Amino acid sequence: MAEEAILSYLQDHQEILDSGHFASQHGLDHHEVVNTIKSLFGFRFVEATEIKRERWELTKEGETYAAAGSPEVQLFLAVPAEGSITIDELDKILDPTVCKIGRSQAARNQWVVLGKQISRKVQHVDDKVKNLLIRIKDGQAVDQNDIQTLKARKLISPQKWQGYSVKKGPSYAPKRKKAATDLTREHIQRGEWKDLEFKEYNFNAKGLPPEAGYLHPLLKVRDQLKFIFLDMGFEEMATNNFVESSFWNFDALFQPQQHPARDSHDTFFLRAPSITRELPEDYVERVKHIHESGGYGSRGYNYEWKREEANKNLLRTHTTAVSSRMLYALAQGPFAPKKYFSIDRVFRNEAVDRTHLAEFHQIEGLVCDQGLTLGDLIGILQTFFSRLGMSKLRFKPAYNPYTEPSMEIFSYHEGLSKWVEIGNSGMFRPEMLLPMGLPEDVRVIAWGLSLERPTMILYGIDNIRDLFGPKVDLSLIKRNPMCLLGL
Ligand code: PHE
């Protein structure tokens, strides 16, 4: 609308002298006219010169007087033509502020006599202030002295006005073609591309935020841990089997069949399929033997080992089940040293509370080589945990059926000013490694920890159910910050 009006006006006239007058003559909004001029100027359709003017506008107070009359006239009219009135009585008739301003202005104008009683001095007054305010409102000229008075009384305020005078520019045309934003197949087919004008790319324009998936904090921390392990030369073990047999989860790890962890209170056993299909039979024999009567210098547990127990399927209670499979596989070939890790889900039939869930993630690392010692384990734990930002470590002797010696790992938590348990570790027992067929001088050092613990510390979450499970707030997943371990 405005564009058409401007361009066709310039076709017949030299110049638009004032965009403000132009807008009101053509019934256009001045803002729209100004924006159109700016855009036409950008494409050199027009030349534009800025015009600045100061205009006067009524203040809020000015507006009320323009409608209801000036305070002095309101006061004058409240004073009776004959006799007098007290201030208290006036205050009841008029707004107290109007009354106060009215008194002093009316007295200055010599309209009234002030005292305990107020009475008129003249019988007729004109409301000059009201009339001036109305003139200003209508954009009519007002004497400079009057402007100053009204300004001093804060009834008007200056308003900066900006407009343009406009002439034809070097690229002037009576009509502007709409610039194309994209070159389309149709443009090419119809040959329109020859005459098209293209809009320039705006490289400063903001793009649309991509509506994509979001990584859960656990996955972010897992990724960083994975990177640390890979950086330290560890290979990832395949952990894609939540269902495991009791054999690999417990028996292969020299965990006796009466061990309390096997109890259905701690382990989820499977109803279907309830038993495993196959196990390596000769190895099963060796495991049975070491449990029942020992070997390689061990006395064993001296109980009757039952195959049915070993066959029972369960949801793996630790990723060490995967480690036992990997070590067995490793023992089947010529020996080569290995560094393995895994980070995946495990399941325990535990009461759920602030720090426990029935499923969580375990991080596990192991190193397998000839002649490793407890010193190697401590060294590698030191290296690994420093990468996570925990360099003050302490170790406490512990017990695991499958490691000897075993150590719980504690780290000094600066925020909590205390030592907190962060993991478990040890050297796998010969009763576990030798039946597998690993050479006698091969030692395996290993450690495990939960993924949830460090993640909760990093993200300041104190209830595990806020991190994992159905109660998780999805905005936590969407907006959680980048994870930086070790900072
Ligand atoms: N499997 C142990 C656990 O579930 C962790 C562990 C891994 C301990 C390796 C020692 C060696 O807590």
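This talk walks through one predicted model, from a sheet to the residues around the ligand.

Ground rules. Residues are numbered from 1 along each chain, following the sequence as written. Because the model is predicted, local features need pLDDT of at least 70 and side-chain atom pairs count only at pLDDT 80 or more, while totals for chains, interfaces and linings use all residues. Helices (H or I, at least four residues) and strands (E, at least two) are DSSP runs, numbered from the N terminus.

Start with the open sheet. Three strands build it, in the order S1-S6-S2, with antiparallel pairing. Pairing requires that DSSP finds at least two bridges between two strands. Strand S1 (15-16) and strand S2 (46-58) are the edges, each pairing on one side only. S2 and S6 are joined antiparallel over 13 bridges. One of the details: Glu50 has Tyr164 in S6 as its bridge partner.

Now Ser171. Where does Ser171 lie? In the loop between strand S6 (156-168) and helix H10 (185-189). Is Ser171 buried or exposed? A residue is buried if 20 or more other C-beta atoms lie within 10 Å of its own, exposed if 12 or fewer, and partly exposed in between, with C-beta atoms placed from the backbone. Ser171 has 11 C-beta neighbours inside 10 Å, so Ser171 counts as exposed. Leaving out residues up to four places away in sequence, Ser171 touches Phe43, Arg44 and Phe45. Contact here means C-beta atoms, placed from the backbone, within 7 Å. Val46 is 125 residues from Ser171 along the chain, yet their C-alpha atoms are separated by 7.5 Å.

Next, helix H5 (residues 71-78). Six of its eight residues are buried, so H5 is largely enclosed by the rest of the structure. The buried residues are Pro71, Glu72, Val73, Gln74, Leu75 and Phe76. They pack against helix H4 (60-68), helix H7 (96-108), strand S4 (112-113) and helix H8 (128-137).

On to a helix pair. The axes of helix H11 (residues 217-231) and helix H18 (residues 452-459) come within 10 Å and cross at roughly 110°. That angle makes H11 roughly perpendicular to H18. The axes are lines fitted to C-alpha atoms, for helices over the stretch in contact, with angles from 0 to 180 degrees between N-to-C directions. Under 35 degrees counts as roughly parallel, over 145 as roughly antiparallel, 65 to 115 as roughly perpendicular and the rest as oblique. From H11, Pro217, Leu218 and Val221 meet Pro454, Thr455, Leu458 and Tyr459 of H18. By class, this contact has six nonpolar, one polar and no charged residues. Ala, Val, Leu, Ile, Met, Phe, Trp, Tyr, Cys and Pro count as nonpolar, Asp, Glu, Lys and Arg as charged, and the others, Gly among them, as polar.

Now the hairpins. Strand S12 (residues 393-400) and strand S13 (residues 403-413) run antiparallel, joined by seven bridges. Two residues link S12 to S13 in a hairpin. Lys396 has Glu408 in S13 as its bridge partner. S13 also runs antiparallel to S14, with nine bridges. His413 stands opposite Lys418 in S14. This hairpin has four residues between the strands, and Ser417 takes a positive phi near 50°.

Last, the ligand. The residues around it include His318, Thr320, Glu364, Asn400 and Trp447. A residue belongs here if its C-beta atom, placed from the backbone, lies within 6 Å of the molecule. Strand S14 (418-428) and strand S15 (442-450) each supply at least two residues of the shell. By class, the shell has two nonpolar, eight polar and one charged residues.

Notes
Contact = placed C-beta atoms within 7 Å.
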